[in-house]
Amino acid sequence: HVKLQLEGAEGDRGGAEAEEEAVGYGSKDELLCVTRSVLKKMKRQVLVGDFVEVSSVDWTLGHGVVKSVLPRQSIFQTPAVANVEIALVMFALTDPPIEANQVSRFLVAAEGAGLDSGVLVVLNKTDLVSREETKAWVDRLGSWGYRAIPVSASGGEGVGAVCDALEGKLGVVVGPSGVGKSSLINSINASAGGEAGGLGEGEGALLDVGEVSARTGRGKHTTRNISLIRLSNGGFLADTPGFNQPHLVGVASRELPGCFPEIGRRLEDGRCEFKNCSHVHEPGCVVRGDWERYPMYVDLYHQARDLEAKALRTG
Ligand code: GDP
Ligand code: ZN
């Protein structure tokens, strides 16, 4: 039995022939696998990023059987990737204009995923704004507790720094549409496959279910493919961005304080009078105060409480 990280997405094969399902294709240290049908009966889907136990390995043919899916550290919804460790939350400095409330919503939603290495901000389109404007946003995000990397995804500036931040980790890119997510992913993919390192020999990192279908001669009812781009520093990046416009942030009121680094810092320095302080109205609260995103926290807290109350009423 070996433990490996799958780099292919599951295909939707449908029909009676779907007893065994191809979930990945590989060469060298990669295997084309089928999932044991018992896994499917348990509705244990194999996701990109999963660590799996593989049995019946034939290294000559490069075949194996996925026996079980190991416990997941995290699960990201859009894109659906398991064991993500870092979210790159991306915005354009202009075009579309950057807006503090929206930035904050994406940050809180990303924090809600509870990733090991948390959240890194990528500020794109530095070529369209002044240095001062870029610096002002880097500083502002810094005061919120975030590191922000300025980049020009189309020009290539700063892309290396993003790759460095992914060292040894599995990352995903999220952000609103038009900010340059695809451009960044393409740029990273090009440098991973090209002479900048990556897989060497210009070998593409992308494995898709379409390829598997071609090799196995199975049907091509391929749904959406998510692949991982392998970086030379041991990092991985999902090639599919997420754009879950979080008008509803989707974080429970109880979890909300944990989604603001500013609150974390305040609770390190002091303690609220009440153990289960909501940091909204209680006396003796060390969180409530004059910091930029506090009104945003209160807003999101009330929204989350309203939703929770509604959910209770409708059962
Ligand atoms: P996505 O919707 O977030 O995936 O954004 P895209 O990657 O499709 O980019 C949206 C638009 O922004 C495209 O027209 C890109 O050419 C443009 N774009 C992306 N990166 C940059 C950049 O660094 N500078 C400039 N000026 N334009 C960029
Ligand atoms: Zn408090």
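"Buried" here means under 20% relative accessible area, "exposed" means over 50%, and "partly exposed" covers what falls in between (1.4 Å probe, protein chains only). Glu-262, for instance, is buried at a relative accessible area of 3%. This is a predicted model, so to speak of local features takes a pLDDT of at least 70, side-chain atom pairs count only at pLDDT 80 or more, and totals for chains, interfaces and linings use all residues. Residues are numbered from 1 along each chain as its sequence is written, chains are lettered from A and ligands numbered from 1 in the order in which they are written, and side-chain values use heavy atoms, with hydrogens and water left out.

**The zinc site**

- Ligand 2 is a zinc ion, held by Cys-272 (SG), Cys-277 (SG), His-279 (ND1) and Cys-285 (SG) at 2.1 to 2.4 Å.
- To count as a donor, an N, O or S atom has to sit within 2.8 Å of the metal (3.2 Å for Na, K and Ca); water is not among the atoms, so sites may look incomplete.
- The four donor atoms around the zinc ion (ligand 2) subtend angles of 103 to 114 degrees, so the arrangement is tetrahedral.
- Four donors get that label if all angles lie between 85 and 135 degrees; square planar (four) and octahedral (six) need opposite donors over 155 degrees apart and all others between 65 and 115, and anything else is irregular.
- For reference, the ideal angle for four tetrahedral donors is 109.5 degrees.
- Read along the sequence, the donor residues of the zinc ion (ligand 2) follow the spacing C-x4-C-x1-H-x5-C.
- Cys-272 is buried, with a relative accessible area of 8%, and Cys-277 is buried too, at 8%.

**Salt bridges**

- A salt bridge is a side-chain nitrogen of Lys or Arg within 4 Å of a carboxyl oxygen of Asp or Glu, and the count by this rule comes to four.
- Glu-262 pairs with Arg-293, with 2.7 Å between the closest N and O atoms.
- Glu-262 is in helix α7 and Arg-293 in the loop between α7 and α8, so this pair ties together parts 31 residues apart in sequence.
- Arg-293 is buried at 2% relative accessibility.
- Another salt bridge joins Arg-140 and Glu-292, at 2.5 Å from N to O.
- Arg-140 sits in helix α3 and Glu-292 in the loop between α7 and α8, so here the tied parts are 152 residues apart in sequence.
- Arg-140 is partly exposed at 29% relative accessibility, and Glu-292 is partly exposed at 43%.
- Asp-139 and Lys-135 form a salt bridge as well, their closest N and O atoms being 2.6 Å apart.
- Both Asp-139 and Lys-135 belong to helix α3 (residues 131-144), four residues apart, or about one turn of the helix.
- Helices (H or I, at least four residues) and strands (E, at least two) are DSSP runs, numbered from the N terminus.
- Lys-135 is exposed, at 52% relative accessible area, while Asp-139 is partly exposed at 41%.

**Aromatic pairs**

- Rings of Phe, Tyr and Trp (its six-membered ring) pair if their centres lie within 6.5 Å; planes under 30 degrees apart are stacked, over 60 edge-to-face, and the rest tilted.
- That rule gives seven aromatic pairs.
- One of them is Phe-91 with Phe-106, edge-to-face, at 5.8 Å centre to centre and 85 degrees between the planes.
- Phe-91 is in strand β8 (residues 86-92) and Phe-106 in helix α2 (residues 100-111), so the pair links distant parts of the chain, 15 residues apart.
- Phe-91 and Phe-106 are both buried.
- Phe-260 and Tyr-297 are edge-to-face too, at 5.5 Å centre to centre with 90 degrees between the planes.
- Phe-260 lies in the loop between β13 (236-238) and α7 (261-269) and Tyr-297 in helix α8 (residues 294-313), so the pair ties together parts 37 residues apart in sequence.
- Phe-260 is buried at 1% relative accessible area, and Tyr-297 is buried at 0%.
- Phe-260 and Tyr-297 belong to one aromatic cluster with Trp-291, Tyr-294 and Tyr-301.

**Around ligand 1**

- There are 15 residues around ligand 1, and Asp-127, Gly-178, Lys-181, Ser-182 and Ser-183 come nearest; a residue is near if one of its heavy atoms lies within 4 Å.
- An oxygen atom of ligand 1 is 2.6 Å from a side-chain N or O atom of Ser-183.
- An oxygen atom of ligand 1 is also 2.9 Å from a polar backbone atom of Gly-180.

How values were computed
A polar contact is a pair of N or O atoms within 3.5 Å; within protein, one must be able to donate a hydrogen and the other to accept it, and residues adjacent in sequence count only if both atoms are side-chain atoms.
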